[in-house]
Amino acid sequence: MAIAQDPDDELLGRVAQGDPAAVRALMARKLPRINGLAVRMLGDLAEAEDVSQEVFVRAWRQAPKWTPGAARFDTWLHRVALNLCYDRLRKRREIPTETPPEQADEGPAPDRGLEAADVGLRVAAAMARLPDRQREAVVLCHYQELGNIEAAGLMGVSVEALESLLSRGRRALRLALADMR
């Protein structure tokens, strides 16, 4: 079943022909959301940038072979990003370390106040403690602003299963952050 006209089809065609302006336009249009997804899934800016770079390398390689109407490019791009994030998360579990690595504070700038930094760190920590599938559902629906149908499709689950994952994830976040109300 063919889907509605993808707004990225024309741009992908130009990318496939090697148009540098189209490559810049694609990056400007898609990079912030893909990088945001990777940061939220991995909790590490450097790793997220590596994932984003690999996503776009794969997009450039795929552009000449892309079949318009077969799938939405944005959906495919998110799926590639999620798969690369899960690959990195699996590798993390496989490598035990004696002490956790130093991480830069990715919270708000100091001039925003200590409380705002604490809130950001607490939310990020609570998100990191969610099971992978619940975190994925919350990130796709709340941070990436995808609809339930599209998010369920990306995750390969039914809409009902997605809603269950969202419900459990939200409940866990509410419990973890209950003292902040």
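## Helix packing and an aromatic cluster

Helix 2 (residues 20-42) packs against helix 3 (residues 45-62) at an angle of about 140°, and their axes lie 8 Å apart. The structure is a predicted model, and the values below are computed from it. Two packed helices are described by the angle between their axes and the distance between the axes. Angles over 145 degrees would count as roughly antiparallel; helix 2 and helix 3 are therefore oblique to each other. The crossing in which helix 2 passes helix 3 is right-handed.

The contact between the two helices can be read residue by residue. Helix 2 contributes Val23, Leu26, Met27, Lys30, Leu31, Ile34, Asn35, Ala38, Val39 and Leu42. From helix 3, the residues that meet them are Leu45, Glu47, Ala48, Glu49, Val51, Ser52, Val55, Phe56 and Trp60. Sorted by class, this contact of helix 2 with helix 3 comprises 14 nonpolar, two polar and three charged residues.

Is Glu47 buried or exposed? Its relative accessibility is 18%, so Glu47 counts as buried, the cut-off for that class being under 20%. When neighbours within four places in sequence are left aside, Glu47 is in contact with Leu42, Arg88 and Arg92.

A further feature concerns the aromatic side chains. The structure holds four aromatic pairs. In one of them, Trp66 and Phe73 are arranged edge-to-face, with 5.5 Å from centre to centre and 85° between the planes. Trp66 also pairs with Trp76: the ring centres are 5.8 Å apart and the planes stand at 65°, so this pair is likewise edge-to-face. Trp66 lies in the loop between helix 3 and helix 4 (73-94), whereas Trp76 lies in helix 4, so their pair ties together parts that are 10 residues apart in sequence. Through ring pairs, Trp66, Phe73 and Trp76 are linked into a cluster.

| Residue | Relative accessibility | Class |
|---|---|---|
| Trp66 | 13% | buried |
| Phe73 | 0% | buried |
| Trp76 | 24% | partly exposed |

Which class does Trp76 fall into? With 24% relative accessibility, Trp76 counts as partly exposed, because buried requires a value under 20% and exposed one over 50%. Phe73, at 0%, counts as buried, and Trp66, at 13%, counts as buried.

Definitions and conventions. Residues are numbered from 1 along each chain as its sequence is written. This is a predicted model: local features need pLDDT of at least 70, side-chain atom pairs count only at pLDDT 80 or more; totals for chains, interfaces and linings use all residues. Side-chain values use heavy atoms; hydrogens and water are left out. Axes are lines fitted to C-alpha atoms, for helices over the stretch in contact, and angles run from 0 to 180 degrees between N-to-C directions. Helices (H or I, at least four residues) and strands (E, at least two) are DSSP runs, numbered from the N terminus. Angles under 35 degrees count as roughly parallel, over 145 as roughly antiparallel, 65 to 115 as roughly perpendicular and the rest as oblique. A crossing is left-handed if the near helix is turned anticlockwise from the far one by less than a right angle, and right-handed if clockwise. Contact means heavy atoms within 4.5 Å. Ala, Val, Leu, Ile, Met, Phe, Trp, Tyr, Cys and Pro count as nonpolar, Asp, Glu, Lys and Arg as charged, and the others, Gly among them, as polar. Buried means under 20% relative accessible area, exposed over 50%, partly exposed in between (1.4 Å probe, protein chains only). Rings of Phe, Tyr and Trp (its six-membered ring) pair if their centres lie within 6.5 Å; planes under 30 degrees apart count as stacked, over 60 as edge-to-face and the rest as tilted.
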